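Open the model and keep the sequence beside it. We will walk through the fold step by step.

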Amino acid sequence: MIAAMSGPSAPPVSGFVESAFNPMVYEAVERCLTARPGDGDRTAMVLASTMGDAATLDLGSRLLVAGQVHNPLLFMQSTANAVLGQLGREFAITGPLVCLSTVADPAGELLAAAELLLEDEELDRVVLIGVELTGTERTTAAYRELRTGPPAADLAVAIVLDRDDPLPRPPSDIPPAPSGEYGTLRGLVELAARIQGTTP
């Protein structure tokens, strides 16, 4: 296993504008796949997020309400799929690409998806990605309803899980917190830190 994290200072990615969501995903996954290259035909990628690319959604909404011409690059429903597609093209990954919407336990959801995907004998590894933005007034209200909170800063975490790796479990000693440095990604950050042998 190998893990990497990325923040809002991630370099821009051609074709993506305004939001840090996709550059962070790209950088975290690129670090993992560069450090551990493998057979793209036998690789899957799974991305999980609670609020998704809220920055793109809110900017597109503001432009619409202001009567401005809609920018086709601000189509938030496609941004997560699009960055996985770009990573797939650049790293020759032709296995399944999956995006999940999670509520409070991205680590558990991602590991469950990996376990299911690795039952396919045609796959040898899964790239797991969790990503959240600090959010906006709209997402803050949604977080209140979920009784959880965003990370203190924009954050993406990527973990490469190989078939021969023991399947890790989400840290059970870290309960979901209503707020905090890592928000809903708290368990995933802790899992990445354990893989890296560091402290989050």
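Predicted model: local features only at pLDDT ≥ 70, side-chain atom pairs only at ≥ 80, totals over all residues.

Residues are numbered from 1 along each chain as its sequence is written, and side-chain values use heavy atoms, with hydrogens and water left out. The pLDDT is the predictor's confidence in each residue, from 0 to 100. The protein chain averages 82, and 78% of the residues score at least 70. Over residues 173-178 the pLDDT is below 50; this stretch still has ten contacts in the model beyond near neighbours in sequence. Contact means heavy atoms within 4.5 Å.

Start with the whole chain. It holds six helices and five strands. Both are DSSP runs numbered from the N terminus: helices are H or I with at least four residues, strands are E with at least two. Along the sequence the pattern reads β-α-β-α-α-β-α-β-α-β-α. Of the 200 residues, 50% are buried. Buried means under 20% relative accessible area, exposed over 50%, and partly exposed in between (1.4 Å probe, protein chains only). Among contacts with a separation of 6 or more, 77% link residues 24 or more positions apart.

Now the sheet. Five strands form an open sheet in the order β1-β5-β4-β2-β3, with mixed pairing. Strands β1 (2-6) and β3 (97-101) stand at the edges with a single partner each, so one side of each has no neighbour in the sheet. Neighbouring strands are turned by 15° against each other on average, direction ignored. Two strands pair if DSSP finds at least two bridges between them. β1 and β5 (residues 155-162) pair in the antiparallel sense over five bridges. Ser 6 has Ala 156 of β5 as its bridge partner. Four of the five residues of β1 are buried, so this strand is largely enclosed by the rest of the structure.

Next, look at β2. β2 runs parallel to β4, joined to it by six bridges. β2 also pairs with β3 in the parallel sense, over five bridges. Val 46 connects to both sides: its bridge partner in β4 is Leu 128, and Val 98 stands opposite in β3. In a regular strand the side chains alternate between the two faces of the sheet. Both faces of β2 are covered. Thr 43, Met 45, Leu 47 and Ser 49 are buried on one side, and Ala 44, Val 46 and Ala 48 on the other.

Helix α1 (residues 21-35) touches β1, β2 (43-49), β4 (125-132) and β5. Its direction makes about 150° with that of β1. Axes are lines fitted to C-alpha atoms, for helices over the stretch in contact, and angles run from 0 to 180 degrees between N-to-C directions. Eleven of the 15 residues of α1 are buried, so the helix is largely enclosed by the rest of the structure. Phe 21, Tyr 26 and Leu 33 are among them. Helix α6 (residues 186-196) lies across β1, β4 and β5, at about 55° to β5.

Finish in the loop between α3 (76-90) and β3, where Ala 92 lies. Its phi is near 55°, a positive value in a residue other than glycine. Ala 92 is partly exposed, with a relative accessible area of 48%.

How values were computed:
Expected span 1.5 Å × (residues − 1).
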